Amino acid sequence: MTSEQQVAQPASATQPVSEIQPLLEAHDLVAGYVPGVDILNDCAFKLLQGEIVGIVGPNGAGKSTLLKAMFGLVDIRKGSVSFQGSDITGMSPHQLVRRGVGYVPQRDNTFLPLTVQENMWMGSWVKKKVDKELINKERKQAIFELFPKLRERWEQRVFQMSGGERQMVAMARALIAGPEVVLLDEPSAGLSPRNQAAVFDNIVSVNKAGVSVVIVEQNARACLQICNRGYVLDQGRNVFEGSGASILDDEKIGRLYLGSLTGNVRL
Amino acid sequence: MSLAKFPHFKRFIWSIYLIILGAVFIGAMGFPVSGASGQETSESIKGRLEIEDTEAQGPRKVFTPISGVRVTVSQDGREIGTATSDGSGEWSVGIPSRGTYQVRLHTDTLPTGITLTDAEKSELPNVLVDEGQSKTVRFNFGPGTRDTVSRLERISNLVLSGLRFGAIIAMCSVGLSLIYGVTGLVNFAHGELVTLGALVAYYLHTSAAGPQMSLLLAIVPTLIICGLFGASMEMGIWRPLRKRHTSLIALSLVSIGLGFVLRYIFAIVFGVEFRSYSDYSVQDPVDFGWVSIAPKNMLILIVSVMLLAAFGLFLMLTRTGVGIRAVASNRELASVSGINVEKVIMGVWILGTASTALGGIFLGISERLDWRMGLRLLLLMFAAIVLGGLGTAFGAMLGGFLIGLIVEVSTYWIDNEFKVVVGLAVLVLMLFVRPKGLLGYRERAA
Amino acid sequence: MPPEAMPVEATPLEATSAVLPAESRPGVSKPNPILTARGLVRSFGAFKAVDIQNLEIQQGVITALIGPNGAGKTTFFNLATGFDDTSEGSCWFQDQRITGLHNYQIARLGAVRTFQNTRALTRLTVMENMLFASQQQFGERLHRVYGAKWRRKEQKEKERARELLDRFALTHMADEFAGTLSGGQRKLLEMARALMAEPTMVLLDEPLAGVNPALGETILEHILALKAGGTTVLFIEHDMSAVRKVSDWVICLAEGRVIAEGTHGEVGQNQLVLDAYLGSTRGGMSDDE
Amino acid sequence: MDWIGITVAALRASVGPVAVAYALAGLGLNLQFGYAGLWNYGHVVAVAAGAYGAAIPLEAGATLMVGVLCGVAAALVVSLFLGVAALRLRLDYLAIATIAFGEIFRQVVRSNWAEPVTGGVFGIQQFARDFFDLNPISEGRYGWGDFSFDHRSLWLMIVGWTLIVIGVLAMYMLVHSPWGRTVRAIREDEQVARSLGKNVFFVRLQSFMIGSVFGAFAGVLLAFANNVNPDFYSLILTFWVYTALLIGGIGRVLGPVVGAVVFWFLFQWFDGFMQSSIAEGWYGNLLQTTDAGPFRFMLLGLILVLLVVLRPQGFFGDKDEALLDAS
């Protein structure tokens, strides 16, 4: 988004994944909402600079919980999360946003009674130094490049907008703070197929602009197609990890975990 | 015991303790503990006897007081009390309780040359006094050029009075609505915050033990004290309870209990009688043709409107203001956007209690002070925020003015004693017709 | 695993006595419809979440409702069971127009639904959860509370509940608070509870969501057992292998419309369905078997 | 300080007619709030309707039976009206609507306009002669030492505790019947109840109205004990009943009875303690004798706060069943 960010290199095949300093990493996470019930059991996750990583799995596998645990929305009972090499376990969301992590929740991801512009202000809340002027110019421009539709909707209140447009506002809200990485919780949920395709295209362009992306998706196949790597979760555990293509090609994984009709589509 | 699950237990207990101690301390220092607290009835009937000086020059009317006139108050033939008008023409008779009384002016005690405008009106047969009211009755003397009040005049006066009352309700309920918006708390102790503001100002201004600063000067420290009080309540009580995921209904019960605690502390330290600020307690209305209004009330109306407008602009235009609206609309999302929600909630508590306290001071100036003044306003504040839309600041402002207007103007047709009933009826009606309120937005189902 | 559960050997079609419709175009009429929707629309402003011209659900068969996220499957469920307000059109359940009826009235007619997120009544015991569901609670009417009659009735219902709990392997939990059950057990309880109401038709909203594969198999067996017992099943599912295993008929929704109907084989070949899922026309479909 | 005297006086209050009335009102509120989950902050309406409904016809010369029936009928009518209107709302709106309605009711009955019927601010006195004529106990004081009651109180207590025994039995059967199960299930999740064919609104209305009947009996008893005075039926009464309920434990059949007894014990004890300690000059001139009343109310408010925070299950309840704690 901003010029000081380099255009990241996709994880190169020549370098073993383990030797690069990961951007976001989680070890042996145990977490849950209700006391005594762990949704995540020793879950691990790693994201390298510039990657798009997908997290897929059946409903209730703990995909969203993993995302929320890394973002400080769920109490972590065991394990650790680190970002850019420093420990961020248990930090609250607003601290993480300041460090450069963005997050787009699945539902209720826009401020409905606020205008698009006000939503953007809220997204850039942590950038205290950034005055309205800057938002009006640089960042607004960058957002308009990604989501041209928001230009005409700028002064409109979000509750008057359609689902696809709201999803754009939600993503733009997370991006306007200029994060290193955004965590997207089911960005395509509830959208029409055309809008879904547009969302995935948007994610790719966001990534090209230098932001690493983590996506949790039900729509596994569409998601994995744009991912460098993917994790398959079940019952709060990692059951498979590999490049997007390798997950898609794995017959057994496809049948057992990807679960949807698309599990049978061969590309 | 559930102590183990309540990490902020100590802080909680300490803050309750400190709140009580602080209030008792201020009270003990500030209010001379008088035997007056036993004197629970404060209803009275009073008046000022004066005659227009028709020969006076200039645009304003000049009145001459009439002294030494005897007035008798009786009820059902029983004499309650008698008073004689003093040098400024004023008289006052204390009465035992609310009810209907007869007031008779002894025409034989009138100075020579002065007669009643309408000789038949030496006795007023139906003077209705409300609970705690100090009723003013008027006798007209002299030839009487304009003793009949036209309908238009009456209604325009009621509208103005309604706007004044509405401004006070709006000032007080913005805080209630915003606190509901950002935390979901239905705060039944909000009325006590109104009282607190009025009483702290009383301490600083009127009380013999206080610094006795002028009322206008006292407003600033009052708002600071009340804002800090709101902050300490948030820190000590509401935040720990929220952290513990206490249900909203339990929170509202806590607020009810807290309301009791505060209210009875007020009763102990302030006493149960009605009092007034020493400044601005009596002011003659200024006549503007159709309407007449006391300057203090005019000022309250203007200042409130200006402050509310400024607050509205703050909410619309500044980053913090938009942040407050953002937290009110979606707390979770605000937090993941990087907004320090706890900080915003704290800000709302401070702003909310301060503006409520100011509303309390205004109420005290324009009416009177007592330990239950906020409680009496509480349900009207709820009516205002439900009418405007729960959780929105603009709804509370709009609702406040509307409720004030409705309540006051209704007395044109309906008896005075049903004022509050009318306001509450509007609340109930609104809940049935449009629960989301006038300015509430509907969330489109996904 | 419950001992009585039917082994999944016979393909669903062989177990069906009902004759499936000959054609498989959207909105085809079926021999014995139990639930019918005509011109059913649910709109939010200009956006139509559900827009179904014509849809019939056949009695006695297992119908799967599939479609991408946001296709309007759950909204259709809500409309059919009275949990949402229909904007236009109507639904019939066994020749009775149910649009405009209250949701509980529809349930009393015999169409009982479950919810996507399991909803156990946590501070009631498992047994109470079951008994509560029964439609024949004599003592549920206030004026009978102080009579003696309902106790006998309750005893009978308790036996029936116990049988069902046996079938769903929950007997040992009968007197525990439902709040203490694990996620999978809650899912089973919810299904058992729906059966306790003796419905003629059950509408299951993602019965396999959030359950492990082994429990998933069990639930599928229960679904097949339901059909064997004469209950019509309509279920929403994402997992195609599950759909293939149990469903006789598949209906695919996308953007609120029925885009395809037929056996799972036919629907699986349908280009529109593939497009709806993929959002583009890449790839083809191949059946594993 | 006369510790024994204070304690005996407190004990006397804890079983006296007013505590009995609180227990009855609590039984009703417990059904509404504890079992049905209805956030009713206007329970005082039912109590007041019971009191006025009985007092007005009795004063006009109706027989005792007719009077009591009128009281109950008045509560039923009022709660039917309120229930039909308010039970469709979300629960925090229900709280605001009921509290507003309570105040409307009070202001109307105490108004000059209603004075010919309700007695306005003065209320209605001396209407319960029929009730006390039935008193089989001959005049005098009964009891041990300070723990004694006059024949009127004793008669009220006999009737009241009989009503409580009947009420507790009736409530026990009610909540342990299939109907009670439905009520609790609706509290847990109304959507599930609807999906299983239960008429949620109707069952809620039923529980609301039954709760009001208990409130009405409490009102009738209070009216016999203390005459009828409109300002007695302010919102505060509702919250004292809540406090009593919280002390005894929400959602348990005996909770309100235990709670009312403990509440009135504490109420009277604090009062006695404050009176004597102030009289003995414990606080210098910080507190006067007239402050004893407010101070006692303040302490009770504090108890309400601490109970909700620390023991939402009540003094005697089990943590797992704490209804208040669930978010």
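1. Ground rules. Residues count from 1 along each chain as its sequence is written, chains are lettered from A and ligands numbered from 1 in the order in which they are written, and side-chain values use heavy atoms, with hydrogens and water left out. As the model is predicted, local features need pLDDT of at least 70 and side-chain atom pairs count only at pLDDT 80 or more, while totals for chains, interfaces and linings use all residues.

2. The interface. Chain B puts 59 residues into the contact and chain D puts in 53. Together they bury about 5000 Å², 77% of it on carbon and sulfur atoms; that is accessible area (1.4 Å probe) lost on being put together, summed over both parts. B:R98, B:L253 and B:I268 supply 13% of the area chain B buries here, more than any other three residues.

3. Salt bridges. How many cross between chain B and chain D? The rule (a side-chain nitrogen of Lys or Arg within 4 Å of a carboxyl oxygen of Asp or Glu) finds 0.

4. Helices. On the side of chain B that touches chain D, α1 (9-30), α5 (248-270), α10 (373-388) and α12 (419-433) each give two or more residues. α5(B) gives the most, with 16 residues. Helices here are DSSP runs (H or I, at least four residues), numbered from the N terminus.

Methods:
Contact = heavy atoms within 4.5 Å. Buried area = accessible area lost by both parts, 1.4 Å probe.
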